[in-house]
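User: Hi! I'm new to this one, could you walk me through it?

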Amino acid sequence: MRGDSGSGETGRSPERAAAIERMDRHGIRPNRRLGQNFLMDASTADRIAALCPAGSEDLVIEIGPGMGALTLPLSRRAGQVLAVEIDRGLIPILREVLEDRTNVTVERADFLRFDLSGWLEPWRAEHPDAQIHVAANVPYYITTPILRHVFSSVTLPRSLVFLVQKEAAARLVAGPGSGAYGPLGASLGVFYILKTCFRVPPHAFLPQPGVDSAVVQAVLREDRETADGIPPEALLSMADAAFSHRRKRLANSLEASGWLEPDQKAALPGVLRRMGLDEKVRAEELSPEQYAVLYHGLTAGK
């Protein structure tokens with residue numbers, strides 16, 4: 001989990017003791033700049049992995065594996081795990097922890113710059129029918145860029161599992177009209193069913209964050225007719241623009257952000273009327289389904 005680090009640790013589970021020993025041996029300390037709070041609790045990791053419905057032929061892309069606590073149970077469920085870690089110092093620890101897991105590939109890279117498409121091309125050629133899943137333990141503020149990178153490289157993953165601060169989890173699952181409702185929840189809700197699954201207390205991490213965390217699961221919708229033909233990364237961009245000025249009307253926010261092209265600006269009032277929405281409507285009043293309809297209405301013929 002990435003968050004504000006607290007001081008002091010409670011309890012010394014075998015997992016925590018082993019992790020501290022490895023960190024001392026490799027001269028590793030949590031990097032505050034990267035917001036590192038490593039998941040230590042094996043039972044929590046098992047519960048998170050169980051939310052990822054990967055089969056024996058499927059791939060899980062794990063972003064921010066840290067010290068491998070979640071990577072291990074994921075590797076027992078999935079056919080292949082691709083673990084992408086930005087911190088060079090953690091790579092020896094990850095390889096030590098995962099030395100017996102032949103189905104795990106560890107890549108040292110900034111995920112936002114990682115050539116995911118290039119990595120996936122040969123894997124997909126060998127596994128044409130396999131599903132792809134994503135598990136992420138990253139700061140909430142980079143969740144949108146990460147998803148944009150995933151969506152530009154992969155056909156919609158079958159599931160997404162996020163370990164985030166509790167307040168961030170609330171933003172992901174909030175509905176229209178809520179102050180917590182935002183662009184990521186609105187756009188993901190077009191393609192996925194999202195829910196908060198359980199809370200994770202600070203003592204499950206090393207070092208302990210100053211806030212509770214939570215696990216959010218997103219499972220691909222079976223009925224996605226409304227979303228047909230919508231590039232997920234493009235919808236994310238539209239939702240970002242729509243929420244860029246929360247106190248403004250939706251139309252003004254889209255225009256001020258530069259998202260609207262001249263013909264789209266002219267078409268917007270008519271699109272809103274056909275949707276049964278007032279021109280004064282704000283971004284937080286539209287449901288995910290309405291965002292899909294809005295996107296179709298504004299991009300028809302493009």
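User: Where is Pro207 found?

Analyst: Pro207 sits in the loop between β8 (205–206) and β9. Helices here are DSSP runs of H or I with at least four residues, strands are runs of E with at least two, and both are numbered from the N terminus. This is a predicted model, where local features need pLDDT of at least 70, side-chain atom pairs count only at pLDDT 80 or more, and totals for chains, interfaces and linings use all residues. Residues are numbered from 1 along each chain as its sequence is written, and side-chain values use heavy atoms, with hydrogens and water left out.

User: Which residues does the cis peptide bond join?

Analyst: The cis bond joins Leu206 and Pro207, with omega at about -10°.

User: What does Met40 touch, leaving aside neighbours within four places in sequence?

Analyst: Met40 is in contact with Glu15, Arg16, Ala19, Met67, Ala204, Phe205 and Leu206, leaving aside neighbours within four places in sequence. Contact means heavy atoms within 4.5 Å. The C-alpha atoms of Met40 and Ala204 are separated by 5.6 Å, though these residues are 164 residues apart along the chain.

User: And is Met40 buried or exposed?

Analyst: Met40 is buried, with a relative accessible area of 6%. Buried means under 20% relative accessible area, exposed means over 50%, and partly exposed is in between (1.4 Å probe, protein chains only). Met40 belongs to the loop between β1 and α2.

User: Which residues lie nearest the centre of the second largest pocket?

Analyst: Met40 is one of them, along with Glu15, Gly68, Ala69 and Leu72, and the lining has 18 residues. The elements that give two or more residues to that lining are α1 (14–26), α2 (42–50) and α3 (71–77). The most comes from α1, with five residues. The volume of this pocket is about 300 Å³.

User: How do you define a pocket, and a cavity?

Analyst: On a 1 Å grid over the protein atoms alone, a cavity is a set of points where a 1.4 Å probe fits but cannot get out, while a pocket is an open set with protein on both sides within 12 Å along at least five of seven lines; lining residues have an atom within 4 Å of a point. Grid points are joined across faces, edges and corners, and a volume is the space filled by probe spheres set on the points.

User: How many nonpolar, polar and charged residues are in the lining of the second largest pocket?

Analyst: That lining has 12 nonpolar, one polar and five charged residues. Ala, Val, Leu, Ile, Met, Phe, Trp, Tyr, Cys and Pro count as nonpolar, Asp, Glu, Lys and Arg as charged, and the others, Gly among them, as polar.

User: How many cavities of 30 Å³ or more does a search of the whole structure find?

Analyst: The search finds three. The largest cavity holds about 90 Å³ of space. Its lining has 12 residues, and Leu39, Gly64, Pro65, Leu70 and Asn137 lie nearest its centre.

User: Let's switch to helices. Which residues of α2 are buried?

Analyst: In α2 the buried residues are Thr44, Ala45, Ile48 and Ala49. They are on the same side of α2 because they cover an arc of only 135° around the axis. The arc is that of the directions from the helix axis to the C-beta atoms. These buried residues pack against β1 (38–39), α3, β6 (159–165), β7 (192–200) and β9 (213–220).

User: Which residues of α5 are buried?

Analyst: In helix α5 (residues 116–126), those are Leu116, Trp119, Leu120 and Trp123. Seen down the axis of α5, they fall within an arc of 90°, so they line one face of the helix. Glu121 and Ala125 are exposed on the other side of α5. The cover over the buried residues of α5 includes β2 (59–63), β3 (80–85), β4 (104–108), β5 and α6 (143–153).

User: Where does His133 lie?

Analyst: His133 is in strand β5 (residues 132–136). At 0% relative accessibility, His133 counts as buried.

User: How many helices and strands are there in the protein?

Analyst: The protein has 12 helices and nine strands. Its radius of gyration is 20 Å, close to the 19 Å that the globule rule gives for 302 residues, so the protein is as compact as a globular protein of that length. That radius is taken over C-alpha atoms, and the globule rule is 2.2 Å times the number of residues to the power 0.38. Buried residues make up 51% of the 302 residues.
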